Amino acid sequence: MSRATLEAELNVPSYATLSSFSSNSTTLYTFLQTPSSSTPPLFLSISNHTTDTNNTDTIHNCLILGRNEACDHRLAHKSISRKAFALFFSKEDPPSISAPAPLYGMNVTKKDGNCSLDEVPIKAGEVVRINPNSVLHFGKMDISFEVKVQQQIQEGHGLEEGLGVGVDEHEHEHEPQKEEEKEEEKQKETTREERIAQINAMTASLDSEEPLSYTKFNSNTAPPSSSSSSSHSNNNNHNPQQSLQSLDIPVSHTATLSSHEKSVTTLDLDPKGSRMVTGSKDQSIRLYDFNGMDSLCRHFKEVIVDPGHPVVSLSYSPTGSNFVVGTASAQPKVFDRNGGEVIQFVKGDVYVATDVSKTTGHIAAVTSVLWHPIDKEKVLSGSIDGSLRLWDIVGGKTNFKKLCCDKVGRVKTTNNQFQKVSCTSLAMSGPNLISIGTGGGALQLWDMRKLGSEGRAEVVVESAHAQNTDLTWLGFSPDGTKIATRGMDHVVKVWDKRKFGSNSPTPLKIYSNVETFTEGSSCAFSPDGKILCAPTAAPNNKGKGMIKFFDLGSSAGGTPMASIVGAEDSSAVCVKWHAALNQIVCGSSAGSTNIFYDPELSSKGAMLGMGRTARKPDALEELLQSRVANSETIFTPHALPMFQDAENSAKRKRKDMSDPIKSKRPQEGGGKGAILPGGQNSASSNFTQAVCEGLVKQKFLQTNGTSDPRDELFKYEEENVTGVKTGLERAYAVSDPNRVRMTKTSEMLEDEEKEKEQKRRA
């Protein structure tokens, strides 16, 4: 494996270097082991000669420490990773005669706290500056390393001599360099308080000046440094990006993802930060895979969740294998990580609206869904029907393959009036604590174990926000001690959860002028819980939607410590600050999604895709693209079955009932005089009558209409030529041998009686 490939796998920054300066001075860092040991000390130096760039296999941009023998310096201890730590200098901070080159270190493992600097754990992928006299400690070793620096050492004592990396001594060519005409002035590092004061002054002038803008990430661009200039600076030539970076706010670079057709209403990332889902008012969700993304930042799948209903909320499971989506309908859905539908929640009985606890599902639009942060089988949902429901994804009952709910909480005010649930949140520190925001501006805390028909809120803060204004978002800080709320009254408040036991709790912080015109407007805590960021809306979506950053530990009033452009010519709606990636994701009302990051502070995520060049289409793709219909092509919607909308079940039933074949309905009559199959001639005739009439007509036609029916009947009692009686005679001979049969009809008898009467009168 080449050296460049090894450093790329360890995510070593592109600005890292060991020998790329042209200064006459040389900086030597020595790492002395404490307590003292017989092991020789670890040296690291930078020479004033350039590396042979023709052989990339021998270019060392960093010094790798670890347990593996292939590392530049081996730390033989079982608690140390094979490749644990990287030491390097920055191309943007060269050494000078008066100042040594600053040294940086990076935890290249995937574990937080595997190494520490001055007893402060270093997170995975975090880059720290190593100052003189600092102490480095790795794993569970009994020894530490104290950093010593020496400036102006003897020329030629470089990387190869100090480390014994195994580079050929003829690899570098030593060329004399000209001494600089003027010595570089040592830049004074401003303290944190001075930076905050400068940022506050800059933020106060945002109304009269153009907001800050940041260029998109370029893989060949190094991170901003103290020596670089900015196009937006104040009278002191202050660089706001450097200030934001010093405050651990990763916003130096931006990646713009593929846009929805309408406003982005919600978004979420899985716990590991490898995938992301965005929801929009266009009824769709889009799935992104950072590991397979290129510089075009396209989604790999789009799903229409519930036709006719916009997406309002979504949340990933703690394992990242599933996510739940809530729409404006009453039935949320659960999807797997690839966008396949797993199960849909049942809809409650709308005729039991007076008591929502008697139904097994929501009966009105869902406003919020949230997966339990610890239990992968529990999902929380809130609705405008005033119910708070806890769903069991694995062990819950199902009705016609739809999940039913048996734990319901009825959200009421102190006056026993129902209120809609506008937003929900769960605390990581207390898995049974639920916080909800209502449509009347109230904040309530519930115990998950007491959800039921008789369950009540543990804490109710009726005046959390202005009366009759919805709470659009609320969330717990990472340590679970604070709760931040945001309302339609354009105010963000931060509360201390521990003070909710008092009768009239007051917020710790109140930040006003946070423009909020959308119900889905949210906020986000920083990974350490010290900063709160809030996207703001542009009136009528005209102007720039900003993202304001508030320092929760500052004594300043409601003034933000910094502000950046979150969306161009639209409102910034929802935001997510991912703890593992240290990246900020913001969705806008125009449908676009921006990801802000800093190569020095962030890791993976959008940075993986921005470093990959988009694949060029092959000949087949170009041919198919050329055959795509242009704007002048006329389409006939619903011409093919595959493009037709699915019919309503009730409408399809009525249509099937009208079809005599599908409904298996008997043949109906055609009215008087109509000729029907089977010889039917009337709607009053049944099948048997039609058959009999047909047989009679057939017999009549065989005799040409000259035979008397009575004579035909008499044939059955006469003997034939052979003397054999007919079937009728044989039957009567057994049953009634002495019968007397009438040989004359009633009409003949009447005529004979009349003739006898006339003769008597004569």
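Guide: Start in the loop between β31 (459–461) and β32 (471–476), where you find Asn-468. Keep in mind that this is a predicted model. Look at the backbone here. Asn-468 has a positive phi of about 65 degrees, although it is not a glycine. Most residues other than glycine have a negative phi. Now check the surroundings of the side chain. Asn-468 has a relative accessible area of 63%. The cut-off for exposed is over 50%, so Asn-468 counts as exposed.

Move on to another loop. Lys-604 lies between β42 (593–597) and α5 (606–610). Lys-604 is not a glycine either, yet its phi is positive, at about 50 degrees. Its relative accessibility is 40%, so Lys-604 counts as partly exposed.

Next, helix α6 (residues 619–626), which holds Leu-624. Leu-624 has 53% relative accessibility, so it counts as exposed. Leu-624 forms a nonpolar surface patch with Leu-620 and Leu-623. Together they have about 300 Å² of accessible area. In soluble globular proteins, nonpolar side chains tend to be buried together.

Finish with charge. Glu-747 sits in helix α12 (residues 746–761). Glu-747, Glu-750, Asp-751 and Glu-755 gather in a patch of negative charge on the surface.

Key: Residues numbered from 1 in each chain as written. Predicted model: local features only at pLDDT ≥ 70, side-chain atom pairs only at ≥ 80, totals over all residues. Heavy atoms only, no water. Patch = residues over 30% accessible without salt bridge, like charges linked within 9 Å, V, L, I, M, F, W, Y side chains within 5 Å. Areas by Shrake-Rupley, 256 points an atom, 1.4 Å probe, with all protein chains shown as cover. Salt bridge = Lys/Arg side-chain N within 4 Å of Asp/Glu carboxyl O. Lys, Arg positive; Asp, Glu negative; His and termini not counted. Charge placed at Lys NZ, Arg CZ, Asp CG, Glu CD. Helix = DSSP H or I, 4+ residues; strand = E, 2+ residues; numbered from the N terminus. Buried < 20%, exposed > 50% of the residue type's maximum accessible area, 1.4 Å probe, protein only.
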